[in-house]
Structures are given as structure tokens and as C-alpha cells.
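Hi,

Here is the structure I promised to pass on to you. Have a look at it first, and then read on for what turned up.

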Amino acid sequence: MATPPKLNLRFTWEAMLCVVLVMSLGLGRGLSAEFLGTANISNLLADFTEIALMALPMTLIIVAAEIDLSVASVMGMSSALMGVLWHMGLPMPLVVVLVLAAGVLAGLFNGLVIVRLGLPSLAITIGTLAMFRGFSYLLLGDQAIADFPANWTTFGISTVGESFLPQPFILVIIAAIGFTVLLQSTAFGRSLYAIGSNQTAAHFSGVDVARTKIKLFVLSGFMSALAGIIYTLRFSSARGDNGEGFELSVVAAVLFGGVSIFGGKGSLVGVLLSLLIIGVLKNALTLYDVSSEVLTIVTGLLLLSSVLVPNIAERLRAARIKRVMAAKAVAAR
Amino acid sequence: MSDQPLSPRLELRGASKAFGEVQALLNGCLALYPGEVHALLGENGAGKSTLVKILAGVHKPDTGTLVIDGVQRHFARPSDALEAGIAVIYQEPTLFADLSIAENIYMGRQPLDRLGRIRYDEMNRWTQEMLVSLGVSLKATQRVQGLSIADQQVVEIAKALSLNANVLIMDEPTAALSRPEVERLFAIAERLRTANVAILFITHRLEEVFRLTQRITIMRDGAAVYFAQTCEMDHDSIVARMVGRDLSTYYPKADVTPGEIGLSVRRLSRTGVFRDISFDVRQGEIVALSGLVGAGRSEVARAIFGVDPVDSGEVHVMGHKLKLGKPATAVRAGVALVPEDRRQQGLALDMPIARNTSLTVLNKLVRFGLISGKAERELASQWGSKLKLKAHTVDAPAGTLSGGNQQKVVLGKWLATHPRVLIIDEPTRGIDVGAKAEVYQTLADLVKEGMAVLMISSELPEVLGMADRVLVMHEGRITADIPRVEANEERIMAAALGQTDPASRKAA
């Protein structure tokens with residue numbers, strides 16, 4: 001029974017993503033001389049802070065065979081709420097705490113409706129996507145609030161010391177480590193894979209499926225609110241339409257990272273690589289003056305390839321094995 | 001059977017088929033004659049299902065020839081097989097629940113009038129005639145929703161006959177049927193046989209083979225190894241050829257003196273499902289919960305375990321009251337449930353064996369909040385070797401295992417919780433003879449160590465062979481409590497059919 005752990009050199013999605021990342025970096029270097037400059041790398045990293053913060057809990061949710069499409073709306077609502085609370089004269093630390101609490105409540109709402117009513121998260125979070133976005137317009141209308149205290153907004157745009165590392169990116173690193181450990185090596189993370197691959201069996205095994213799912217959506221609400229706060233500080237602007245459409249980028253990053261849309265499969269390492277690739281490609285193409293429409297097309301192509309490439313690879317593999325086995329069967333008789 | 005026809009309706013020679021790296025079929029051979037019921041026997045993984053799917057046109061064989069009425073054929077798709085008159089009745093019928101029986105039977109080929117409207121009158125009349133000829137009391141206009149599995153099988157058979165099928169393949173049709181339903185199916189099969197239909201009948205129950213079939217083909221390790229007239233064989237000679245070795249003691253009943261009460265159920269009720277269920281299971285005792293499918297046995301088990309709700313009643317485990325309603329609570333109290341449907345309820349088939357095994361004990365594998373992958377694999381290997389699991393590595397997905405080995409993984413994941421009470425629902429459903437014997441041995445060993453076992457089973461030989469006491473349920477109530485020495489097939493069946501067993505009521 002006991003097999004010694006051996007080095008596995010077979011094709012993995014993560015390995016492929018590493019290759020693609022190197023290629024994208026090469027492409028960036030080829031397209032523009034500024035690409036590898038400190039300032040640009042700093043920009044590149046800062047630019048996907050929010051997407052990354054939301055993609056981390058999204059990975060856990062999709063592994064558990066659910067989805068949260070309301071993340072960008074929670075992010076926008078948090079941004080708007082932040083502006084409103086600041087204008088009411090509350091101190092910044094309190095504003096931050098209240099906004100995070102609102103994010104938790106939004107996630108709790110999603111989770112409770114999905115679990116208690118037993119409805120698909122796809123339908124529910126499309127509803128709350130519209131609802132939370134509506135709240136953010138109710139809070140701020142079409143106005144923008146920009147007069148946040150300077151010591152807070154500089155956090156949004158400065159780097160760590162003299163390095164290329166943007167300060168908000170520290171949060172991404174900490175969260176990425178936290179979520180990786182949570183998913184790969186805790187009982188909670190393990191139960192997510194079980195729920196995603198067979199919810200009934202997980203329930204029969206004593207996993208509290210309902211509570212686990214509520215926790216997931218709460219986590220997602222919290223991280224979306226955090227993304228909203230960072231975004232507001234980075235651009236020093238609270239607006240109702242902040243982050244509109246980000247949910248698509250978040251889901252794209254998770255799926256391109258090799259997480260199965262059907263649940264039960266995927267790793268955060270893959271998602272982090274996929275985030276980097278998307279960040280690098282966007283940045284490189286922007287430097288090359290490629291229009292935002294084309295960027296959207298690139299995102300779409302990545303999403304398609306994340307579904308198509310593993311499928312084609314599996315068919316090729318199956319066809320090859322079949323030929324070998326047919327030959328063996330004939331020989332065995 | 002007396003006048004053996006000269007040429008077979010269907011003949012398959014030297015068929016092989018591989019899936020990925022698994023050689024599912026190596027040398028599949030079969031000859032089917034009109035007017036016979038032919039048993040196809042073999043352990044799970046012997047290649048029966050693959051052979052059936054080749055005949056059904058679902059799989060294309062890698063090698064081999066298929067001859068139908070003397071003409072060599074190649075099936076590219078299921079419709080080719082249907083055209084050649086071959087129909088398969090699967091264990092779980094796949095019908096459209098919202099449509100009527102007639103609509104299901106004529107799906108895609110409804111009789112039309114000149115304006116292209118469906119001629120319901122004609123369709124319903126034809127269907128009704130067919131149902132009558134099969135001797136069943138179903139209505140053509142009835143919706144399929146709510147029909148029992150047995151009735152749905154009848155609809156599938158009617159559908160096959162309406163397509164002029166003269167080869168019927170039944171893949172474990174009786175596995176989910178109650179006794180009377182099996183009898184009705186046998187009557188239908190007998191009718192069809194006298195109408196010169198060739199029937200291939202797959203089952204794990206040997207008594208059905210002797211009842212119904214005239215000839216048998218036995219498969220082992222992907223090859224057809226033995227052909228015979230059924231009347232030349234007996235139980236032991238068939239089993240020996242299926243497993244390729246001698247089976248010594250099939251039911252290793254351990255002689256254990258029952259100890260403390262492990263599980264105590266008092267007046268457990270759930271409206272419309274079961275009521276007033278009371279019984280005790282002592283440590284070192286196997287209590288069988290017998291009865292027809294649908295009598296509420298699995299529902300009682302699931303209620304004790306907290307998966308299904310209850311309306312009233314109490315459960316005590318080792319003298320402590322169990323709070324019902326959550327499986328996690330039951331697990332902590334020392335209850336384990338090996339569910340009846342291991343693919344749906346027991347395992348996450350895509351997940352590795354190791355991760356399936358650890359799922360019930362994740363909190364025990366945690367050190368400083370983190371799970372050690374090494375400890376997890378050791379746990380799986382340890383239970384794997386204890387239960388004689390046949391797997392190359394514990395990293396393989398559970399779905400790649402045969403039914404018997406999957407059952408061992410489910411058993412392992414529950415024994416890893418070190419339960420005091422083991423509830424096991426259909427312990428050997430759909431698993432091969434060799435694995436069955438190993439499951440029985442495991443149960444016997446557990447009882448010796450003081451486990452209280454509640455075993456739900458539809459297989460009477462298993463109940464009589466393993467249980468210290470037999471509780472029988474009928475329509476949601478316990479109708480008999482029979483000690484081992486007094487238990488026999490007649491008494492259990494009588495109670496299962498609702499006749500109260502006077503001798504046992506006071507005992508319960």
C-alpha cells in the first residue's frame with residue numbers, strides 16, 4: 001500500500017502557467033523597453049491588487065462548486081459607503097471598520113439566502129450583484145468623494161521603502177499566504193474540496209455544509225470590502241461605479257488558474273500565477289497602446305483557453321493510451 | 001430449452017476494450033439463442049458491464065467480432081444496436097419523469113396525423129395493449145414521475161418491445177426491487193422467453209440464476225471463462241468459477257456474548273415515513289434491519305445519524321442522549337453510517353482515496369491548525385491494508401476502484417473515527433463475491449472488539465448468515481424482532497409483508 005512519494009514530472013496546469021508567465025514577461029520586454037523598469041513593475045502589481053484580493057476567496061468558493069458574482073458590487077458599495085461615512089465626520093479607522101463590517105453583512109446575506117433557501121448561488125448573486133450596486137448609487141448618486149486624509153491616500157500609492165513593491169500589495173501577499181494555507185492545509189479547506197466534488201457525501205461524512213458555505217460568502221464579502229477600501233485610497237475617489245465589471249476579471253483569473261467551474265479541483269498556486277499572467281499581459285499591451293477593447297478580448301481568450309486546453313490535452317492523452325492498450329490486448333491473447 | 005435452436009441470435013467473439021490504462025475486457029465471448037434466458041455472471045470488474053455496453057453500441061470494442069443472425073456487424077452508436085433488435089434495460093431506468101408512459105415509449109417517433117399533430121389516442125392504445133400483454137396494471141397515460149423503479153423497468157421493457165427488440169439485456173434489474181416486484185419481473189421474462197426473445201440476465205443473486213435462466217456464461221478478469229447449462233451447476237460450483245478459488249467460510253459468524261447497550265432507539269417517528277421505532281443494539285451484537293425496499297429502513301438509519309429529520313423520539317449512544325439533526329454530532333458521539341449508495345453518499349469519487357478516508361477525521365489530523373499530508377496518507381494506507389484494499393496508491397481517485405474496493409474505502413473512513421456504533425446500509429450491494437466475504441470478515445472482527453452493529457440488508461442469506469437478531473420493518477413500523485436461532489426466510493418475509501409476528505412483539 002505505502003508508496004514512496006516520487007517526483008511527479010507529468011504535465012500540470014501550474015507548470016504550463018509558469019511557461020506562459022515567462023513568455024508573457026518576454027513579450028512585455030519585447031514590446032516596450034520600460035516594461036521591466038521599477039516604476040512599471042510597481043504599477044503592474046498595484047493594478048491587480050483588488051482583483052487579487054477578491055480572487056482569493058472566489059477560488060475557495062468555486063472549489064466548493066459555488067460562485068459569488070456580487071463581489072465587484074460589494075466592492076463598489078464599500079467604496080461609496082466609505083465616502084459617505086467619511087463625510088459624516090467619522091474618524092478614518094472607524095470608517096474602515098464599519099465598511100469591513102458592511103462587507104461581512106453583505107456576504108452573510110448572500111450566504112444565508114443561498115443556504116437557507118437552498119438556491120443556486122449563481123442566481124442569487126446575480127440578484128445581489130444588481131442590488132448591492134443599486135445601494136452604492138443610492139448612497140452616493142453620481143457624485144465622487146475625493147477628500148480623504150492624505151496620510152491614508154499616500155498608503156494607496158506609495159511603495160515599501162525604495163523598492164518596487166506597492167504598499168497595498170503587502171496585503172495581497174499576506175492574504176495570498178493566508179488563503180493558500182487555509183485551502184491546502186486546514187480541515188476547512190479540505191472540506192471545501194469534498195463539498196465541491198460531492199456535496200451529499202460531504203454531508204454524510206459529518207461536514208457542516210451549510211455553515212461552511214456561509215463562512216465562504218462572509219469571507220468573500222469581507223475581502224470585497226477590503227478591495228473597495230484599497231481601490232478608494234489608491235485613486236483617492238469614492239464612487240458608486242467603482243469596480244464595475246470586475247467580477248468577470250475575478251472569475252476569469254480563477255478559472256484560468258485551473259480551478260474547475262464544476263468544483264472540487266484547483267489550487268491557489270495556479271490562481272496566483274494566472275493573476276500574474278493577466279496582470280503582465282494587460283500591462284504590456286497597455287504600454288504598447290493597445291485599446292481596452294482588445295484587452296477585454298484577451299481576457300476572454302484566456303478564459304476560453306482555460307476550458308479548452310485541458311480538454312484537448314485529455315483527449316490526446318486518452319487516444320494515445322487507447323492505441324497502446326489495444327496493442328497490449330492483442331499481444332496478451 | 002428442450003429444443004435448442006441451431007444458430008445463435010447473437011454471437012460475440014474475442015472482444016477487448018481498454019479505458020485509459022485499464023483493460024476492462026480482454027476476451028469477451030457470448031452466444032445468445034432465441035427463447036433462452038442466459039445468465040452473465042462474474043465478480044464486479046470481471047468485464048460484464050463493458051461487454052454489455054459493447055452489445056448496446058455504447059462502446060466500440062478495440063478488437064473482436066460481433067455476429068447477429070449470421071451477419072458480422074459493427075455498432076458505431078446505440079441506435080445501431082437498437083436497429084439490430086438489441087435493447088438494454090439498465091438498473092436505473094432513464095425516463096422523462098414529466099411525460100406519460102406512452103409519451104416515453106414513443107419519444108421521437110410519435111404517430112402523427114396529416115397535420116403533423118401527435119395521435120395521442122393511437123399512441124395510448126398501443127401502449128396500453130403492450131402493458132396488458134406484459135401482464136402489468138399500469139396506465140399508458142400515467143406520468144412516469146412517482147412510478148417505482150420496478151414499474152419504470154417495465155416501461156423500459158415495453159419501449160424495447162415496441163422497437164421490435166428480440167434481444168433484451170437486463171443489467172442487474174433486480175438489485176433495487178422488492179420480492180413481489182422481482183416475481184413480477186420474472187413472470188414478464190418468462191412470457192418474453194416463450195415468445196422467442198433472447199434475454200441476457202445479469203445479477204449477483206445466484207438463487208435468481210437457478211430460478212430463471214437456462215444457460216450461463218461466467219466471466220473472470222475480463223474474459224469469458226466458463227459456459228454451461230444452468231441445470232448442470234450448483235451454487236458452489238458457480239461461485240468457485242467466478243472467484244477462481246475456494247471460498248471457505250462465507251459467513252464468519254463470531255460467537256460473542258453481547259455486552260452493554262451501545263445504541264438505544266426509543267419511539268422514533270417521522271410523519272409518513274416511520275413511526276414508533278424502538279430497539280436496542282448491544283455491543284458485540286449484529287442486529288439486522290430487514291424488510292422490503294421502501295419500508296423505511298434506510299430512513300431510520302439516516303434519522304439516527306442526523307441526516308434526515310425526525311418528529312419525535314430519542315436515541316441514546318452508550319447511555320448518553322444523542323442530539324439529533326446533525327451528522328457531526330452523531331460522529332462525535334461515536335456513531336458511523338456506511339450509506340447505501342456509496343457513489344452518491346459515501347465517496348467523493350474524483351478525490352484521492354487518502355482524502356476520502358481522512359474526511360471524517362480531519363480535526364484529528366490537525367497539528368497547530370494544519371493538516372499533515374503524510375499523516376493523512378498513513379491513515380489511508382493503514383486502513384487500506386487492514387481492509388485488504390486493492391489499490392496501487394492512496395493518491396488514486398476513489399472512482400477508479402471497483403465497487404468492492406470503494407466499499408472498503410467507505411468502511412475505512414468510518415472505522416477511522418473509532419465508532420462505538422456502526423450502522424451499515426446494504427453492506428454488500430453490487431460488490432463481488434470475494435469482496436463480500438471480506439466485508440463479512442471485517443464485520444465479524446469488529447463485533448469481537450465490541451462494536452454494536454446495525455445492519456440494513458435486503459439480502460436474506462446475508463441477514464440469516466450474519467445477524468444475532470433480525471428486526472423486520474413493514475410500512476414504517478417494526479413488525480418482528482426475531483432472535484438468530486428462530487430466524488428463517490419464511491418468518492422474515494411474512495413480517496416484511498405486514499403480518500405481525502406474535503412471538504416477537506413482547507420482545508420489542
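Let's start with one residue: is B:Arg9 buried or exposed? Bear in mind that this is a predicted model. B:Arg9 counts as buried because 23 other C-beta atoms lie within 10 Å, and the cut-off for that label is 20 or more. You'll find B:Arg9 in the segment before S1 of chain B. Leaving aside residues up to four places away in sequence, B:Arg9 touches B:Leu32, B:Tyr33, B:Pro34, B:Asp69, B:Asn166, B:Val167 and B:Ala198. As for B:Gly404, it sits 395 residues from B:Arg9 in sequence, and the two C-alpha atoms are 34 Å apart in space.

Now for chain B as a whole. Its secondary structure comes to 19 helices and 22 strands. Along the principal axes, the C-alpha atoms fill a box of roughly 70 × 50 × 45 Å. Buried residues make up 51% of the chain. Of the contacts in chain B with a separation of 6 or more, 68% link residues 24 or more positions apart.

One is helix H9 (residues 297-305) of chain B, which is largely enclosed by the rest of the structure, because eight of its nine residues are buried. Among the buried ones are B:Arg297, B:Arg302 and B:Phe305. Just after H9(B) comes B:Gly306, with a positive phi of about 90°.

The other is a hairpin. Strand S11 (residues 261-270) and strand S12 (residues 274-282) of chain B pair in the antiparallel sense over six bridges. B:Ser264 has B:Asp280 in S12(B) as its bridge partner. There are three residues between the strands, and B:Gly272 takes a positive phi near 80° in this hairpin.

What about chain A? The UniProt record (an unreviewed entry) places "transmembrane region" features along chain A, including residues 48-64 and 245-262. In the model, residues 48-64 of chain A are 88% helix and 0% strand, with the end C-alpha atoms 24 Å apart. Residues 245-262 of chain A come out at 61% helix and 0% strand, and their end C-alpha atoms lie 23 Å apart.

Finally, how many residues of chain B are in contact with chain A? There are 37 from chain B, in contact with 31 residues of chain A. The elements of chain B that give two or more residues to this side include strands S1 (10-19) and S2 (22-32), along with helix H14 (373-386). By class, the chain B side divides into 18 nonpolar, 15 polar and four charged residues.

Over to you!

Notes: Residues are numbered from 1 along each chain as its sequence is written. Chains are lettered from A and ligands numbered from 1 in the order in which they are written. This is a predicted model: local features need pLDDT of at least 70, side-chain atom pairs count only at pLDDT 80 or more; totals for chains, interfaces and linings use all residues. UniProt positions are given in the numbering used here, feature names are shortened, and annotations may be inferred rather than shown by experiment. Helices (H or I, at least four residues) and strands (E, at least two) are DSSP runs, numbered from the N terminus. Two residues are in contact if their C-beta atoms, placed from the backbone, lie within 7 Å. Ala, Val, Leu, Ile, Met, Phe, Trp, Tyr, Cys and Pro count as nonpolar, Asp, Glu, Lys and Arg as charged, and the others, Gly among them, as polar. A residue is buried if 20 or more other C-beta atoms lie within 10 Å of its own, exposed if 12 or fewer, and partly exposed in between; C-beta atoms are placed from the backbone. Two strands pair if DSSP finds at least two bridges between them.
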